[in-house]
Amino acid sequence: MRIITKISEMKGYAHKAKKNGKVIGFVPTMGSLHDGHVSLIKASQKESDITIVSIFVNPKQFGKGEDLKKYPRNLARDLLILKKEKIDVVFIPAEKEMYPEGYSTYVNVEGAITENLCARSRPGHFKGVATVVAKLFGIVSPCVSFFGQKDAQQAVVIKHMVKDLNMCVEIRVMPIIREKDGLAMSSRNTYLSEKERKEALAIYASLKHARTLLEKGERSAHVIKGEIKKVLLSGKHVKIDHIEVVDAENLKPLKKVKNDTLIAIAVHVGKTRLIDNMVIRT
Ligand code: AMP
């Protein structure tokens with residue numbers, strides 16, 4: 001496994017690989033890796049000749065008062081995981097490498113997809129995400145890049161950006177990987193106390209409850225949201241950020257659940273913000 005920290009070296013490597021006809025698969029991450037990340041790596045290895053993983057905690061996607069400083073970082077452990085997965089290259093740029101003095105270019109995906117869900121409570125977040133992913137695509141030149149359905153809105157934003165800017169990369173969105181008890185894997189789960197960890201189970205329980213109601217024929221978004229809320233509020237430390245029922249493609253709110261509906265939840269459990277979702281395909 002090659003470790004690259006400089007943009008020029010990463011670009012040189014990618015250029016040579018492409019010249020040799022290699023398909024580059026790319027998995028951008030913020031590190032503190034778990035099985036969710038590993039599932040993306042495995043998907044990339046299935047489809048590509050070379051798998052490149054980036055680790056970069058992108059300051060531009062954290063708002064004021066968010067957890068940039070305390071975001072879990074564990075490079076030694078991450079490198080062990082990546083070695084075990086036999087990836088080809090890990091790209092670990094420093095902040096100054098990505099955003100040198102005078103940096104001033106941003107990618108802003110506009111419209112409904114960056115107005116609701118997480119965008120409401122995290123203004124500027126998706127501008128930071130789109131900017132860093134656009135930069136990483138420019139550096140790594142992937143043929144195909146892998147994202148998790150866990151961050152459903154992020155995946156929609158990236159697909160939109162790639163389409164609008166005619167970028168030469170295919171986007172794959174892979175299923176949510178969960179802990180045995182159903183909690184969606186997240187680097188932020190490490191923030192949870194034992195009590196909070198138990199209460200966080202209400203998130204997946206509420207989605208499962210919604211699915212049961214849908215299977216019984218319920219279609220009202222209002223009713224579904226109300227039922228999700230009831231389950232979520234069973235936890236003392238759970239505070240709801242949003243429960244949304246939207247079109248999975250354009251993220252516009254729906255009154256009635258239809259095929260390809262995204263039910264998205266964001267909550268605070270104690271001080272930790274957690275997200276989860278489910279796509280309904282009827
Ligand atoms: P992050 O390191 O949190 O920025 O995540 C890097 C990538 O891993 C993103 O595309 C995430 O959507 C994806 N990811 C994070 N958690 C999961 C999960 N539980 N299952 C599948 N993919 C995930």
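I began at the hairpin of β8 and β9, where 2 residues lie between the strands and G270 takes a positive phi near 60°. I note that the model is predicted, that local features need pLDDT of at least 70, and that side-chain atom pairs count only at pLDDT 80 or more, while totals for chains, interfaces and linings use all residues. Residues are numbered from 1 along each chain as its sequence is written, and side-chain values use heavy atoms, with hydrogens and water left out.

I took strands as DSSP runs of E with at least two residues, and helices as runs of H or I with at least four, numbered from the N terminus. Strand β8 (residues 261-269) pairs with β9 in the antiparallel sense over 9 bridges, where pairing requires at least two DSSP bridges between the strands. I found V269 opposite T272 in β9.

Next I looked up the cover of strand β9 (residues 272-280), and 9 of its 9 residues are buried, that is, under 20% relative accessible area with a 1.4 Å probe and protein chains only. T272, L274, D276, M278 and I280 point one way, whereas R273, I275, N277 and V279 point the other way.

On the other strand pairing of β8, I saw that β7 joins β8 in the antiparallel sense over 9 bridges, with H242 bridged to A266. Strand β7 (residues 238-247) has 7 of its 10 residues buried, so the rest of the structure largely encloses it.

Last, I checked helix α9 (residues 201-215) and helix α10 (residues 221-232), whose axes come within 8 Å and cross at roughly 145°; the axes are lines fitted to C-alpha atoms over the stretch in contact, with angles from 0 to 180 degrees between N-to-C directions.

Notes. Buried means under 20% relative accessible area, exposed over 50%, partly exposed in between (1.4 Å probe, protein chains only).
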